[in-house]
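Please look over the sequence and the model shown below.

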Amino acid sequence: MSFKGPNASIRFVKHNVFINSLKDNLNAEVALGTVTNVKEACAWLGYTYLFIRMKMNPLAYGIGWDEVVADPSLSLKQRALVSDAARALDKAKMMRFDEKSGNFYCTELGRIASHFYIQYSSVETYNEMLRRHMNESEVIDMVAHSSEFENIVLRDEEQNELETLARSCPLEIKGGPSNKHGKVSILIQLYISRGSIDAFSLVSDAAYISSSLARIMRALFEICLRRGWSEMTSLMLDYCKAVDRQIWPHQHPLRQFDKEIPSEVLRKLEERGADLDRLYEIPEKEIGALIRYAPGGKLVKQYLGYFPTVQLFARVSPITRTVLKVDLTIKPDFVWKDRFHGTAQRWWILVEDSENDHIYHSELFTLTKKMAKGEPQKLSFTIPIFEPHPPQYFIRAISDSWLHSDAFYTISFQNLALPEAYTTHTELLDLKPLPVTALRNGTYEALFKFTHFNPIQTQAFHVLYHTDQNVLLGAPTGSGKTISAELAIDLVVAPMQVIYIAPLKAIVRERMNDWRKRLVSQLGKKMVEMTGDYTPDFEALLAADIIISTPEKWDGISRNWHTRGYVKKVGLMILDEIHLLGADRGPILEVIISRMRYISSQTERSVRFVGLSTALANAHDLADWLGVQENGLFNFKPSVRPVPLEVHIQASGYPGKYYCPRMNSMNKPSYAAICTHSPTKPVLIFVSSRRQTRLTALDLIQFAASDEHPRQFLSIAEDALQMILSQVLVCTSTLAWGVNLPAHLVIIKGTEYFDAKAKRYVDFPITDILQMMGRAGRPQYDQHGKAVILVHEPKKSFYKKFLYEPFPVESSLKEQLHDHINAEIVSGTIGHKEDAVHYLTWTYLFRRLVVNPAYYGLEETDPGTLSSYLSSLVLSTFEDLEDSGCIKIDEDRVEPMILGSIASQYYLKYTTVSMFASNIEADTSLEVFLHILSGASEYDELPVRHNEENHNADLSNKVHYKVDNNLLDDPHVKANLLFQAHFSRVELPVTDYVTDLKSVLDQSIRIIQAMIDLCANSGWLSSTITCMHLLQMVMQGLWFDKDSPLRMLPCMTDDLITMLSQRGILNVLQLLDLPLTTLQTLTRSSISSRLHEELQHFPRIQARLRIQRKNAGDDHKVSLNIRLEKTNRRRKSSKAFTPRFPKVKDEAWWLVLGNTTIAKLHALKRVSFTDVLVTHMDLPSSENDFRGMKLIVVSDCYLGYELEYSIEELV
């Protein structure tokens, strides 16, 4: 007989507890993503103390000796424990357990239980008791049944007090005080009522209950929200706040200020039934009279101002007959006080159909103190609508922490005109694939590496190759649409040109590389690229057969089509990704197509349009606008792909408020998807930011290393420590457009990105998602492709709908009309109001206005309403342009002003030039110019990412000019800091800033040139020269007034600068005049040769001037003949030496004619030349003696290059 002692039973109880809570622990691991199948769950269980003890003492855990003999490692027992727990969780809907594959799939309920630490048995209770409609006492009773409170016991000595307390409870107690659940119910109500308890045991029980109450209420609220029950969601949220604040929902809202407002005042407000709406309306005197306490009126009014309320305004635009887009504006309407509101307040935005008691959209909106003081906040989302239409939907904003703080907005469906439901798809005919020999031209046949065209190319072949009709080809990504467009290029004969427009630089680059190898080398075509990086000269554009351009560049060039011959030479216009008309840059695409159609009608030279897009819902409208006949329209279904695509949409990650943890929780499912769908073939993973690419790749390497195949999809050089993912490429979404990389599997890890302007995470456009998916299964590589989309749970149904249904393309021109109308006024196309209305009829906006009027805020589509809508649109645009000083309105006629011309010429927004006019003066300082440059509207969308205000704060301490420390998350402040960091040569904090700086510098050139033109036009010599210095600073990354111009030489040191300045050498021009021998004696031999080499990059120029007088009748004209010459002829290039500027640039020079005595500028000319330039400038006839008159030659890229010549001496 052995004596086991008390510890054995304690141990058994202890480990039995883990077995009992195995379901909860397993659910937590599944929700976290660390356990995804039975195998991983067994491995996880193997690490527990329970399993170690099981192996040591199996009998204590009810494992028979015969089981131990049959299974010494207890792996079967382990599997049985896991499977039983998984089945139980599956039954409770906390996860889905696929017994066949052994995989676990987390559900919403499981995530909520894990997040709020709710026990499995409680979830079973809620599954049983939670209903769509419940009253308050039933809710409290259900909470009382939670297994979290199972340790609460009834005691005889408490009965009397419980009965007394029950009488003071506002809600009915199910089961009464003699019941265990009744007791919990009483204590819950007492906690909310802030009641007092005598019995110590009850005080202890009440404290125990209150510690779990808040999370249980929050969990029930989340469950109701995810089920879409609007009535129960509101009730549960009210009770979450009631528990947090210990105030009943039926009590007066101002009780939430009970520490500030006397209880007597609050009691009287409740007795008089004075709700918030009534208190807002009546003056404080009446409130004082109402509560019979005069000073109380002022107090109540004061705290009403602190009560957080918001106003809602919504614009509803139908996208299709079943989907509405809602643009919601949220305007805070209260006084922010940190004591009550902290740093942020949160509102639940719910869209509900009260008739069917259903929530169609929910999101948590966070309002910070800064946002509350700024502009109203905007949210955009889509909601479904069903036939027959309910009378209305309600948009509600309910505060997450304040009772009775909610706002309503009603969306009425009474007068909502929905677009017609027609989507006509082209059926893919069962045709025999055409061989390339059908081209009947050996040269063209050699262009293609394949022998036969695919089914889509075969079907469109005749119209594209044998006719000159316009074509719209809508087909999924990867269908070979570009090759179809090449068929049309083969028909274009010189001198007509082909213009290919692609919305992104990346696509332009891809097309350039592809066509350079084939069309240029094999057909001998001349091709030029026009993007932000390259602007070819006039001769190159005239000589080109093919111009490949971004929409912005072609818009800028074609604005002056009257004077630019090559714009009128276009015979074929290929529009790639034309479905992006509805995206951010769509208006530019729309304007250039409208303009080319207009030019074609004016010059009577037909331009052929070939539009390429994904499958469209409203292809007919787009085709009509492009002038495509019925036989030129091909709109294939999204499913018609040369390579079939299998799509899996998985909801991944707790649908919580935080983006980064959710992205992190998607890494395991991504790894699982690779192992399942593409263990050996190439995989592309798309993420939203460069930081995420790094984090995702590191996690995948870690998962691979901890798996049985540590070298799976890794290429590790034996002698190197670097690990490279060779089979898997993790990249940002931009790569989907630009690089044609084959992949068998595409994983889209999250469908959101951080929008710097909105300062929150927003969804990718559906076109981007389709483009990413299209990278799976490329025709020449795969028999089929696979795409896995990991989405945030609430968006799953939206993506299910639209990934298989074509999306209609709407116009977004209306929002950006001002700049385009201004450009047409400057070019002379629009001279009065009728011209502007006529111009709008050429746009796609006009087509869609007729078909889907409600999307654009129009109720009727009869000609009268349409005409007055267009007229008012034109009129308001004209008025805005006139207010900004861009145009002048004379009755119905309009004329461009200098500001409008500058905006159009330099492709700037009208708001930017208007801001210049308000801020630039005759003697503006360099610091002010830098603030004006940074304040340009072009920098509105410079990304200020999450937490970057901290980097900006650090930068602000390292730069010369101070910035507003309250606006460190403002894109314009960031732009200012980037400029200053560039000039001060400060090291940037992260790589993202390097990319941002490139973008900022790139845009700055045209902005500064526009500022120079504005100053010159006003005759301000001082400001013009200061602005030129600013451009030199941008080019060289130096301060004009703080750094020596000698710093432009990379090998220059502080000691050398000091030594040279002592000898009177202050700039590069003086250094260029020194003979090599002098240079060698001044400096060490090691530096002198390098210095001499670097000096060869800089031009040495001299000018010769001559006055010439002309007598034409009574006019005595005096002109200045100028001969500029570069004297270091051995220098072959006229490219600027700007090592710190990210792009190649040509040298240019300004000839500034001005009077330095009175700081007046008379004339300005910008020139560029290789060796010699002869030009002339007219001298002002009003000046007779030319006293103080000078010609200043200023470089646009080198500091210290300013040559002054006195005109007075010449005369």
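Helices (H or I, at least four residues) and strands (E, at least two) are DSSP runs, numbered from the N terminus. The model is predicted, with local features needing pLDDT of at least 70 and side-chain atom pairs counting only at pLDDT 80 or more, while totals for chains, interfaces and linings use all residues. Residues are numbered from 1 along each chain as its sequence is written, and side-chain values use heavy atoms, with hydrogens and water left out.

Ser380 has a relative accessible area of 44% and is partly exposed; buried means under 20% relative accessible area, exposed over 50%, and partly exposed in between (1.4 Å probe, protein chains only). Leaving aside neighbours within four places in sequence, Ser380 is in contact with Val326, Asp327 and Arg760, where contact means heavy atoms within 4.5 Å. Ser204 lies 176 residues from Ser380 along the chain, and the C-alpha atoms of the two are separated by 48 Å.

Thr36 sits in the loop between H2 and helix H3 (38–46). With 18% relative accessibility, Thr36 counts as buried. Apart from neighbours within four places in sequence, Thr36 is in contact with Asn103, Phe104 and Lys668.

Helix H4 covers residues 49–56, and Leu50, Phe51, Arg53 and Met54 are buried in it. These residues lie on the same side of H4, because they cover an arc of only 160 degrees around the axis; the arc is that of the directions from the helix axis to the C-beta atoms. An α-helix has 3.6 residues a turn, so residues three or four places apart point the same way. Tyr49 and Met56 are exposed, on the face of H4 turned away from its buried side.

In H8 (residues 120–129), the residues Tyr120, Ser122, Val123, Thr125 and Tyr126 are buried. They pack against H2 (22–32), H6 (75–91), H7 (108–115), H9 (136–144) and H12 (200–227). In H40 (residues 910–919), the buried residues are Tyr910, Thr912, Val913, Ser914, Met915 and Phe916. Their cover includes H35 (817–827), H38 (863–883), H39 (898–905), H41 (926–934) and H44 (991–1017).

A cavity is a set of points, on a 1 Å grid over the protein atoms alone, where a 1.4 Å probe fits but cannot get out, and lining residues have an atom within 4 Å of a point. A search of the whole structure finds two cavities of 30 Å³ or more.

How many disulfides does the structure hold? It holds zero, a disulfide being a pair of cysteine sulfur atoms within 2.5 Å. Cys240 is in no disulfide, and the nearest cysteine sulfur, that of Cys224, is 9.3 Å away. Cys240 counts as buried at 2% relative accessibility. Cys1015 is also buried, with a relative accessible area of 0%. The closest cysteine sulfur to that of Cys1015 is in Cys1027, 5.1 Å away, which is too far for a bond.

Notes
On a 1 Å grid over the protein atoms alone, a cavity is a set of points where a 1.4 Å probe fits but cannot get out, and a pocket is an open set with protein on both sides within 12 Å along at least five of seven lines; lining residues have an atom within 4 Å of a point. Grid points are joined across faces, edges and corners, and a volume is the space filled by probe spheres set on the points.
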